[in-house]
Amino acid sequence: MTQTIYVLNGPNLNMLGVREPEKYGHSTLADVEKLCRDTAQRFGLAVEFRQSNIEGELVTWIQEARIKKAAGIVINPAAYTHTSVAILDALALSELPVIEIHITNVHQRESFRHHSYVSKIAKAVLAGFGIDGYALAITGLARMIGAKEK
Ligand code: CA2
């Protein structure tokens, strides 16, 4: 049976490629989705790719990932990284392997971006690779769950 990974994106990431290209690059969220699908396909994995500006919707999708027996979660919680105990709790309750990814190196930015609630439960954290971080995160998760490269 094909295993599925959830790739979840938080608020404002729908603006990728549209605003602030000097910080976030020129790729759009649709480009990120294609990169994720292409990377996952190499390991025979399916992808549920979602973005929301609403905290509770992300929580619901994390719960859904567990119900649907997903193999793991790659998440860029965006600003909720630094604020959301609800997303931390949902990820912990999911009992799934979680990889946290940030496009920018949050540690070079404002001090309020240096703390992540999600890092408390993430198996691994990537920051500063641009959108390539998504491909690296999926590759790392695929190896973690024992998916074989085709
Ligand atoms: O570096 C990342 O991936 C972040 O998760 C992005 C969040 C930020 O709040 C985190 O501290 C770090 C912001 C997402 C907003 O994305 C935009 C993309 C293009 C233009 C404007 C915003």
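## Ligand shell

The shell around the ligand is made up of nine nonpolar, five polar and three charged residues. Here Ala, Val, Leu, Ile, Met, Phe, Trp, Tyr, Cys and Pro count as nonpolar, Asp, Glu, Lys and Arg as charged, and the others, Gly among them, as polar. In total 17 residues surround the ligand, each with a heavy atom within 4 Å of the molecule. The closest are N76, H82, I103, T104 and R113.

The model is predicted: local features need pLDDT of at least 70, side-chain atom pairs count only at pLDDT 80 or more, and totals for chains, interfaces and linings use all residues. Residues are numbered from 1 along each chain as its sequence is written, and side-chain values use heavy atoms, with hydrogens and water left out.

## Polar contacts and cover

The distance is 2.8 Å for N76, 2.9 Å for H102 and 2.9 Å for R113. Of the 510 Å² of accessible area that the ligand has on its own, the protein covers 94% (Shrake-Rupley method, 1.4 Å probe).

## Aromatic rings

Zero aromatic pairs are found in the whole structure, a pair being rings of Phe, Tyr or Trp (its six-membered ring) with centres within 6.5 Å. R50 sits over the face of W61, 5.2 Å from the ring centre; the criterion is CZ of Arg within 6 Å of the ring centre and within 35 degrees of the ring normal.

Key
A polar contact is a pair of N or O atoms within 3.5 Å; within protein, one must be able to donate a hydrogen and the other to accept it, and residues adjacent in sequence count only if both atoms are side-chain atoms. Rings of Phe, Tyr and Trp (its six-membered ring) pair if their centres lie within 6.5 Å; planes under 30 degrees apart count as stacked, over 60 as edge-to-face and the rest as tilted.
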